[in-house]
2 protein chains.
Amino acid sequence: MTTIAYLGPEHTNTHVAARKRFGTRAKYVHAPTVDDVFHLVERQNADYGVVPIENSLEGAVTHTLDRFIDFKHSPVTIYGEVERLIHHCLIVHQGAKPKLVKRVYSHPQALAQCGAWLDKNLPRAERIETNSTAEAVSEIFKTTLLGHLDLTIPVKEISAAEKAAIARGELAKGKKLRAIPIPDNRENKTRFLILGLGQTKRGRRNKTSMLFSLKDRSGALYDALTPFKRAGINLTKIESRPSKKKAWEYYFFIDLEGHQSEPRVKRALKALEKSTLLLKVLGSYPITR
Amino acid sequence: MTTIAYLGPEHTNTHVAARKRFGTRAKYVHAPTVDDVFHLVERQNADYGVVPIENSLEGAVTHTLDRFIDFKHSPVTIYGEVERLIHHCLIVHQGAKPKLVKRVYSHPQALAQCGAWLDKNLPRAERIETNSTAEAVSEIFKTTLLGHLDLTIPVKEISAAEKAAIARGELAKGKKLRAIPIPDNRENKTRFLILGLGQTKRGRRNKTSMLFSLKDRSGALYDALTPFKRAGINLTKIESRPSKKKAWEYYFFIDLEGHQSEPRVKRALKALEKSTLLLKVLGSYPITR
């Protein structure tokens, strides 16, 4: 049986993305951090790993990018990608009046994405960050004290009806909860990476992800991109991240259309190597969109 | 008197950066969010604003980048920059034994930067995110309950000696606190932007920051960079951020060496305009490094 490690806990968007890709017959293992998902794949405790890499509103998941930088010699490759449309709901207790909610729990990215809606609809509710949207939902039923304990003021409890979570609507099912959709006229999508140790089969349309650092000289980035322009290879994505060794030195992540086994891609990568200090091809995989 | 709005509260790194630039004779006003600092400058309630833009370990401050995207017609320009070396300390109560600390409070960026040190030295301490490093220090003296209130377990208080904050050492002064330096062999610097409504005087060496979006066609980014390469203008920085309108569409932030009043820079910007949907020069200002 194929074992899939994903950024947990259960029932988060990453879990749903993993199930979308690998179906019901795989065995799923959740890991508490992005780093743990990589480790499980590296130690072959899992065949594949699933981690978020980018959200269309909030941008790159820097934990995932930095894991590639921090462990440059890791054998982990990008085996594929999955995209998911994200619909946020305000999850409240069945008996709750949403207007009276005093605390809203969610993952920082979800709180940021719903910031405008919360400003308008629950301007006075305190926003509390949790490690996952699933954890946010479980907070509703926990006993919670409001504010700090001051010896002169009696302890005040905040009821389940005064708490809410922002999460997928499915997380309300089977509990005494209801889900109120949070409308958003912007496209909210998250892209997830499938991590593995081998190479994927070449698809009809492919993408190659790479990581590199440049020599410190004028025009270095432009020169690095020249081989792709000459070969007519389209670059679909560029991200920069700090090197963490020297201030204002960067690593670049670039995605291109094509497979590293194609001669024109091979040639361009060979030419790129000349202007880089480090070049690592993270993987070639089919484009799913 | 010159009024300076900065991302507060008082005594944070942004406050120190503002004082480094404007000295003791200016009037300082702290604002709770990056957005508020921009607003104060836009409404001319402050002459200048100071916000963080980038940390050498954690990367771009996306709130600041996104404020430029969300208010493209804002008259705010970048008037200058300030850089600060960041030294983190573990701030504990005078009588505390650091090994017994159960909770460490700090801003998410500081917690991330000290993550490896905390893993090694305080592996079991709970890490609690605060809005600022100054707020983290004030948490030490607040009365706090440990964990959730369960009706069957008596309320347990966590003492000041069991709490710590990660912040600048200066924040321990004048209180019953001591600061233990957290060593870091990496370069930890933060760069801050000075926001204003006018143009700065041209310095000996200048930098120009711009924001643009590209037409959706193959090689668009390469073509956008070509005028700078041809004019021998060095690009020092590139950042991409989601457009938030359509998934996987981006805005680019680029810094170049030179002043927008120089003819070669003017010409390159004019050529760039042809391959962009939107181009906004955010400001030209002296390089401080």
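Mentor: Chain A holds 8 helices and 17 strands, where helices (H or I, at least four residues) and strands (E, at least two) are DSSP runs numbered from the N terminus. This is a predicted model, in which local features need pLDDT of at least 70 and side-chain atom pairs count only at pLDDT 80 or more, while totals for chains, interfaces and linings use all residues. Residues are numbered from 1 along each chain as its sequence is written, and chains are lettered from A and ligands numbered from 1 in the order in which they are written.

Turning to the sheet, 5 strands of chain A form an open sheet in the order S8-S7-S11-S6-S12, with mixed pairing; two strands pair if DSSP finds at least two bridges between them. Strands S8 (126–129) and S12 (177–181) of chain A each have a single partner strand and stand at the edges, so one side of each is left without a neighbour in the sheet. From one strand to the next the twist averages 30°, with axes being lines fitted to C-alpha atoms and angles running from 0 to 180 degrees between N-to-C directions. Strand S6 (residues 89–93) of chain A runs antiparallel to S12(A), and 5 bridges join them; on the S12(A) side, A:Ala179 is the bridge partner of A:Ile91.

The C-alpha atoms of chain A fill a box of roughly 70 × 45 × 35 Å along the principal axes.
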